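Trainee: I would like to work through this protein by question and answer. May we begin with a single side-chain contact and then widen the view?

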Amino acid sequence: MTQYLTLLLECPVVIAAIFIAGIGGTFQFGFSVSVMTSPSGFIKELVNKTCLHRYNISLEQWQVSLIWSFTVSIFCIGGLLASLVAGPLITKFGRKRCLLFNNFVAISGAVLMLLSQTAMSFEMVMVGRFLYGINSGVSLSAHTMYLVECSPKMLRGMVGVTIATFISLGKFCGQLLGIRELLGTQERWPWLLGFNAFTALLQLSTLPFLPESPRFLLLDRGDRQACEKAFRKLWGNKDYGTEVEEMLEEKAALQSVRSHSVMELIQSQTLRWQLLTIFVTFTALQLCGINAVYFYSFDVFRAAGIQENQLNYAALGTGLCELSTSVACFMIIENTGKKVLIFRGYMGMSVTLILLTITLYFQKQVSWMPYCSMVLIFIFIFFFASGPAGVTAPLPGELFTQSFKSAGYTIACTLNWTGLFVLGMLFPIIVENLDYFCFLVFLFFSAGCGLYVRFNVPETKNQTALEIAAEFQKMHSKSEESQKKNDTDHKLNGIKTYETKL
């Protein structure tokens, strides 16, 4: 661990890139996910006031709830639409430029949020949430690709974890700023929702001092001189010759190959295992049960005797647990390996979900059982943040070569946003019908993903996309040959048995 930290400290510009790209990148996504909980009552009140003032109509409770649900869900719609166009935009204009212009989308959404209460318009909150979704959809791809491509190969796992760390930091800041002592009040909630403008302005004023991604400059623009200049600025005196040579080898292997579309990636036979890996891991990321655990945490805290007005402070503990574990994952990933972290994380989550279902079932019969449930909630968050959350996001950039990378991120982000939207729509129905037994549904996805990674995915640490592709082929060609051999032996045994009978 000390070795990798020393190596990172030798690249201060890479450290600056981690913070600058993160604060205007995946931080925005995490903040937007968690920030709506605190001002929900104030926004519902604004909906009622707007309709009463504008149409002289007092809405019923179900109507207010419907508008509120749409206001929350439209964030996912914006993110999904943005993820579909993010890949081509990033390939055409570059990672850095997309991050820069993406900040104007966040600032526009923040201005609408700030003025919504004064203008007495809940529609402005809706449009603002939609713009935040677009901003998050672009930043999830652009931030990830930029950081992974700017860091030395030996540090890509460690740097890749920071993508999830800034999501966790955003969630925690949304919870923290939403308490009554800060911005979670009737007068200040528009400033809470408009906080995204501050982080966008911070990135807008600092990102221009960083170089563009060296991989983009060499492989997409064909400008070796600019690529080497970017490396010198990012890595200082550290030798980057090997990195350039590997990229030139990749460029030679992909000579005259253009950037491929999503459909071409789906139809590619040689990349089917990489594509399946993206599908399994990104689907499981949303359907592993983390949102269900956060949802039930309030019921568990209540049962443990925490007062209603103190629940938001208890929820801060869950956010802090995820953030601190993500930082710990940053420290150990290069020594442990990504495959091990994903497998161990999902298996630990699966066992925790089983135990949590049992403790919730006996919660009312046994007085001390809620405390066990509380501990299990923190254990589940620990396993999630220490593996799947930190390792999954950079996977498309590691599994695919440059010509397929944008398409890979488009598919991954589309799965992420679709899963988030579907979960938002179906989760209340699942909970209503299954109650705490809903964890058994999420158990299927957690255990399934963990076992898939264990038996079908090679270790990606310190390997190029071409080397990883060779590992996939080696791993699965063996299994296919073994299957064919077994089939042949089975047929021969059948023939022998038949001849013996004759």
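Trainee: Which side chain forms a polar contact of 2.3 Å with that of T91?

Mentor: This is a predicted model, in which local features need pLDDT of at least 70, side-chain atom pairs count only at pLDDT 80 or more, and totals for chains, interfaces and linings use all residues. Residues are numbered from 1 along each chain as its sequence is written, and side-chain values use heavy atoms, without hydrogens or water. A polar contact is a pair of N or O atoms within 3.5 Å; within protein, one must be able to donate a hydrogen and the other to accept it, and residues adjacent in sequence count only if both atoms are side-chain atoms. At 2.3 Å, the partner of T91 is S406.

Trainee: Is T91 buried or exposed?

Mentor: Buried means under 20% relative accessible area and exposed over 50%, with partly exposed in between (1.4 Å probe, protein chains only). T91 has a relative accessible area of 18%, so T91 is buried.

Trainee: Which residues is T91 in contact with, leaving aside its neighbours within four places in sequence?

Mentor: T91 is found in helix α5, residues 61-93; helices are DSSP runs (H or I, at least four residues) numbered from the N terminus. With contact meaning heavy atoms within 4.5 Å, the partners of T91 are F216, D220, S259 and S406.

Trainee: What percentage of the residues in the protein is buried?

Mentor: The protein has 24 helices and 0 strands, a strand being a DSSP run (E) of at least two residues. Of its 502 residues, the buried share is 55%.
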